[in-house]
Amino acid sequence: MTEMSRKPEAVAEAIRKAQRIAVCSHVNPDGDTLGSAAAMRLALTKLGKEVSLFCDGKVPDVLAFLPGAGEIRIPTGKEGPFDLMLAVDVSDEKRLGACTALREVSAHTVQIDHHPTNPLYMEVNSVDGSAPATAVMIREQLKVLNVDLTPEIAVCLYTGISTDTGNFSFASTNAECFSIMSELMEQQLPLARLNRILFRDHAMPQVKLLSRALGSLKYFENGQIATMKLTRDDFNGCHALSEHADTLVNYALDTIGTRMAMLAREAGGGKIKFSLRAKEPDTINDVAQAFGGGGHPQASGITMDGPLEAAMDKVLDAMIRKLNG
Ligand SMILES: [Mn+2]
């Protein structure tokens with residue numbers, strides 16, 4: 001049995017032996033998986049490797065500034081062969097999506113990830129469930145690879161670390177984040193500009209969608225649980241994409257006295273996507289896991305069959321039982 005730990009030397013060894021490397025991000029890509037992939041692309045290119053970036057999903061507009069974002073491709077089944085496949089921030093095989101096919105055309109497989117639920121599905125698994133972001137582990141990986149930070153790499157790592165820590169506000173935020181931040185600031189990190197892009201500016205469809213989500217807000221158990229929902233009509237009426245709903249659940253959670261929050265949305269193919277959140281010390285990942293979902297203790301997700309109201313009832317029941325359990 002392989003145990004969960006950081007293995008930067010083993011990852012570096014696999015990288016040194018490889019020339020053609022496929023770096024893969026997870027479906028519904030976020031700042032950490034894309035920032036980590038973008039940083040690895042820059043580092044591996046510096047080492048003379050041929051790097052291809054893959055992700056089964058569209059890069060959110062807000063992350064289009066990342067160096068190399070325009071090179072990210074959805075696998076078509078015609079890629080390869082590769083000497084090495086490197087997955088970053090991908091908590092389990094399912095979250096590779098279409099990138100799973102790259103395993104077949106890659107001689108070796110490694111991953112760098114920080115999800116405590118990771119089943120260690122690659123040949124080499126550098127996985128630290130206590131790391132606040134995969135990008136934190138990428139910083140250490142670059143040291144082991146003897147790649148110096150550059151202003152471009154700093155932007156990538158900052159994107160990963162700041163987005164996965166809620167801009168350095170989640171309980172997972174630790175001293176390692178700030179010691180890396182000090183190094184990033186020495187690379188002329190444009191902090192104020194990045195903060196406006198990553199945490200303040202919202203596309204108009206997202207602000208409109210927020211108005212619809214707040215209109216659906218309901219409280220249960222004396223306000224300890226808050227729920228919101230978004231239908232296809234809501235998305236269409238706001239000209240909004242799925243990504244525009246990603247952070248709206250926090251508005252429900254931020255109610256004083258609310259301990260857990262849910263945002264349910266109608267996704268494609270009759271599926272319902274849930275964003276679940278809890279405030280410390282409450283956890284919500286066990287509720288997600290009961291429905292085949294997963295994630296972090298205070299931030300998890302589920303995808304299940306509709307219809308919307310029936311799916312919401314099931315998850316709300318589980319949340320109420322958890323609250324009173
Ligand atoms: Mn992450």
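1. Two strands count as paired if DSSP finds at least two bridges between them. Helices (H or I, at least four residues) and strands (E, at least two) are DSSP runs, numbered from the N terminus.

2. A word on the model before going on. It is a predicted one: local features need pLDDT of at least 70, side-chain atom pairs count only at pLDDT 80 or more, and totals for chains, interfaces and linings use all residues. Residues are numbered from 1 along each chain as its sequence is written.

3. Leu276 stands opposite Ser300 in β11. Contact here means that the C-beta atoms of two residues, placed from the backbone, lie within 7 Å.

4. Now the other sheet. This one is open too, with five strands in the order β2-β1-β3-β4-β5 and parallel pairing. Its edges are β2 (50-55) and β5 (124-127), each with a single partner strand, so one side of each is left without a neighbour in the sheet. Neighbouring strands are turned by 20° against each other on average, direction ignored.

5. Inside that sheet, β1 (residues 20-25) and β3 (residues 82-88) run parallel and are joined by four bridges. Ala22 stands opposite Met85 in β3. As for the helices, α1 (residues 8-17) packs on the sheet and touches β3, β4 (106-113) and β5, with its direction at about 135° to that of β5. Helix α2 (residues 31-46) also packs on the sheet, touching β1, β2 and β3, and its direction makes about 165° with that of β1.

6. Helix α2 has a helix partner as well. It packs with α3 at an angle of about 15°, the axes being 9 Å apart. The two are therefore roughly parallel to each other (angles under 35 degrees count as roughly parallel, over 145 as roughly antiparallel, 65 to 115 as roughly perpendicular and the rest as oblique). Their crossing is right-handed, meaning that the near helix is turned clockwise from the far one by less than a right angle. On the α2 side, Asp32, Thr33, Gly35, Ser36, Ala39, Met40 and Ala43 meet Thr134, Ala135, Ile138 and Leu142 of α3.

7. On the domain level, the assignment gives domain 1 (8-200) and domain 2 (204-324); such bounds come from an automatic or database domain assignment. The centres of domain 1 and domain 2, taken over C-alpha atoms, are separated by 27 Å.

8. Some backbone points to check. Most residues other than glycine have a negative phi, and most peptide bonds are trans. Gly80 and Pro81 are joined by a cis peptide bond, with omega about 0°, and Pro81 is in the loop between β2 and β3.

9. Asn146, in the loop between α3 (134-144) and α4 (151-164), has a positive phi of about 60°. Asn222, in the loop between β6 (218-220) and β7 (225-230), has a positive phi near 55°. Asn146 is exposed, with 10 other C-beta atoms within 10 Å, and Asn222 is exposed with 8. The cut-offs: buried is 20 or more other C-beta atoms within 10 Å of the residue's own, exposed is 12 or fewer, and partly exposed is in between, with C-beta atoms placed from the backbone.

10. Last, Thr255, which is found in the loop between α9 (249-253) and β8 (260-266). Thr255 is partly exposed, with 14 other C-beta atoms within 10 Å. Leaving out residues up to four places away in sequence, Thr255 touches Gly223 and Ala226. Thr255 and Ala226 are 29 residues apart along the chain, and 8.3 Å separate their C-alpha atoms.

How values were computed
Axes fitted to C-alpha atoms, helices over the stretch in contact; angles between N-to-C directions.
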